[in-house]
Amino acid sequence: MNIGLIAHDSKKTLMQNFCIAYRGILSKHELYATATTGRLIEEVTNLNIHKFQPGPLGGTQQLGAQIAQNNIDALIFLREPTNLKPHEPDLTDVIAMCDTHNIPLATNLATAELIILAIDRGDLDWREMYR
């Protein structure tokens, strides 16, 4: 499965910890992330991440294009909804594309864990038929 990973600045350490905890599952899949998030995950997990540009420099749009083409099977976007920094891109369009293409989306740690465990059980294998 192709899994997208995005985190606002205040959630990057949480994303690193999430990826450490679920490294065994994540290592079985193709991972995609914006540049900084991907680099930070690689540093602590040694996972191979396909990295796009940094979010504010077009990485969000690059990931969004993959979602629009139905090339991403699940997206984990750990976001800070109440204190968004000026340089952090608005991902409303990315969220809408996930809804349009029935791509599972987690915006918090609890839902991210549910999606990763569902992927590991094979609950989302149906996604591969639609690529």
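**Aromatic pairs and nonpolar cores**

Tyrosine 22 is buried, with 16% relative accessible area. I start with that residue because anything under 20% counts as buried. Keep in mind that this is a predicted model.

Phenylalanine 18 is buried too, at 2% relative accessibility. These residues bring us to the aromatic pairs, of which the structure holds two. In one of them, the ring centres of phenylalanine 18 and tyrosine 22 are 5.1 Å apart, and the planes meet at 45 degrees, so we call the pair tilted.

Now the other pair. Tyrosine 32 and phenylalanine 52 have ring centres 6.1 Å apart, with planes at 20 degrees, so this pair is stacked. Why does the pair tie together parts 20 residues apart in sequence? Because tyrosine 32 sits in strand β2, residues 30–33, while phenylalanine 52 is in the loop between β3 and α4. Tyrosine 32 counts as buried at 17% relative accessibility, and phenylalanine 52 is buried at 16%.

Next, the cores. The largest nonpolar core has 24 residues. Leu5, Met15, Ile76 and Ile116 have the most contacts inside it. Elements giving two or more residues to this core are β1, α1, α2, β2, β4 and α6. Which element gives the largest share? That is α6, with four residues.

Take methionine 15 as an example. Leaving out residues up to four places away in sequence, methionine 15 touches Leu5, Ile6, Ala7, Thr37, Ile41, Ile76 and Leu78.

Key:
Residues are numbered from 1 along each chain as its sequence is written. This is a predicted model: local features need pLDDT of at least 70, side-chain atom pairs count only at pLDDT 80 or more; totals for chains, interfaces and linings use all residues. Side-chain values use heavy atoms; hydrogens and water are left out. Rings of Phe, Tyr and Trp (its six-membered ring) pair if their centres lie within 6.5 Å; planes under 30 degrees apart count as stacked, over 60 as edge-to-face and the rest as tilted. Buried means under 20% relative accessible area, exposed over 50%, partly exposed in between (1.4 Å probe, protein chains only). A nonpolar core is a set of buried Ala, Val, Leu, Ile, Met, Phe, Trp, Tyr and Cys residues joined through side-chain atoms within 4.5 Å. Contact means heavy atoms within 4.5 Å.
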